[in-house]
Amino acid sequence: ATLVEKPLAPTAAAAERIAARARAGRTTLAHSQVFLFARYLQRFSALVREAGPLQSLEIRWGDPPGQTRHGSAVVHDPGLPVFSDVIPHVAAIVSSVAGYAPAECRAARGSKSQVSAELTAGGAPLSLRLERGAPTRERLVMARAGGREFILDFSREPGMIDHDGRSENGDPLW
């Protein structure tokens, strides 16, 4: 049995080959989307949805070189562009907050290790900044809904949620 966090494969054809081998071997192949189950993201998303229609969303994601998490070195595949590596996480986060997957790309620029893009999610503008080799670990989700601003900073999990002049633990049960 194999659990793949992301990406499952670099192309759709490669993913189909992996799935076919799993079927032929009668084994389990599962694809994980950890952010679909993150309570701090669920809590943040509920606050944003309760405020009213989403007006804008911004995600900043940065990974420093030589990062250690949970006692293990974080290693990135140098052949995989940061966009390909991080977009599965971004899609899950955007879907949770906006209720829609990222859609139309209006502008994008960058390199293999750094990308800035302007997209939409359910008609609302979505701004992305993804960086490998960043000065520090950064995980920020900033939303504007119902005229209010919400910030989820999970650079250190479970993160903090800022809204309405207060800051609260993203997941008190962590």
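**Figure 1. Leu 128, a buried residue of strand 8**. With a relative accessible area of 3%, Leu 128 is buried (buried means under 20% relative accessible area, exposed over 50%, and partly exposed in between, with a 1.4 Å probe and protein chains only). The model shown is predicted, so local features need pLDDT of at least 70 and side-chain atom pairs count only at pLDDT 80 or more, while totals for chains, interfaces and linings use all residues. Residues are numbered from 1 along each chain as its sequence is written, and side-chain values use heavy atoms, with hydrogens and water left out. Leu 128 sits in strand 8, residues 124-132 (helices, H or I with at least four residues, and strands, E with at least two, are DSSP runs numbered from the N terminus). Apart from neighbours within four places in sequence, the contacts of Leu 128 are Ile 59, Ile 87, Val 90, Val 115, Ser 116, Ala 117 and Leu 119 (contact means heavy atoms within 4.5 Å). Between Leu 128 and Ala 108 the C-alpha to C-alpha distance is 9.1 Å, at a separation of 20 residues in sequence.

Figure 2. Ala 14, Ala 15 and Ala 22 are buried in helix 1. These residues are on the same side of helix 1, because they cover an arc of only 105° around the axis (the arc is that of the directions from the helix axis to the C-beta atoms). The buried residues of helix 1 pack against strand 2, residues 29-31. The other side of helix 1 carries the exposed residues Ala 12, Glu 16, Arg 17, Arg 23 and Ala 24. Phi of Arg 26 is positive, near 50°, in a residue other than glycine. Arg 26 counts as exposed, at 80% relative accessibility.

Figure 3. Helix 2 has 13 residues and a reach of 19 Å from first to last C-alpha, close to the 18 Å expected. Buried in helix 2 are Tyr 40, Leu 41, Phe 44, Ser 45, Leu 47, Val 48 and Ala 51. Ser 96 touches Leu 41, Ser 45 and Arg 49, not counting residues up to four places away in sequence. Just after helix 2, Gly 52 has a positive phi of about 130°.

**Figure 4. The largest pocket and its lining**. The largest pocket holds about 560 Å³ of space (on a 1 Å grid over the protein atoms alone, a pocket is an open set of points where a 1.4 Å probe fits, with protein on both sides within 12 Å along at least five of seven lines, and lining residues have an atom within 4 Å of a point; points are joined across faces, edges and corners, and the volume is the space filled by probe spheres set on them). Of the 30 lining residues, Glu 5, Trp 61, Arg 69, His 89 and Arg 139 lie nearest the centre of the pocket. Helix 2 (39-51), strand 3 (54-63) and helix 3 (82-98) are the elements that give two or more residues to the lining. Helix 3 gives the largest share, 4 residues. The lining has 14 nonpolar, 4 polar and 12 charged residues (Ala, Val, Leu, Ile, Met, Phe, Trp, Tyr, Cys and Pro count as nonpolar, Asp, Glu, Lys and Arg as charged, and the others, Gly among them, as polar).

**Figure 5. The loop between strand 10 and strand 11, with Ser 155 and Pro 158**. Glu 157 and Pro 158 are joined by a cis peptide bond with omega of about 10°. Ser 155 lies in the loop between strand 10 and strand 11 and counts as buried at 15% relative accessibility. Beyond neighbours within four places in sequence, Ser 155 is in contact with Arg 137, Glu 138 and Arg 139.

Note on methods: The expected span of a helix is 1.5 Å times one less than its number of residues.
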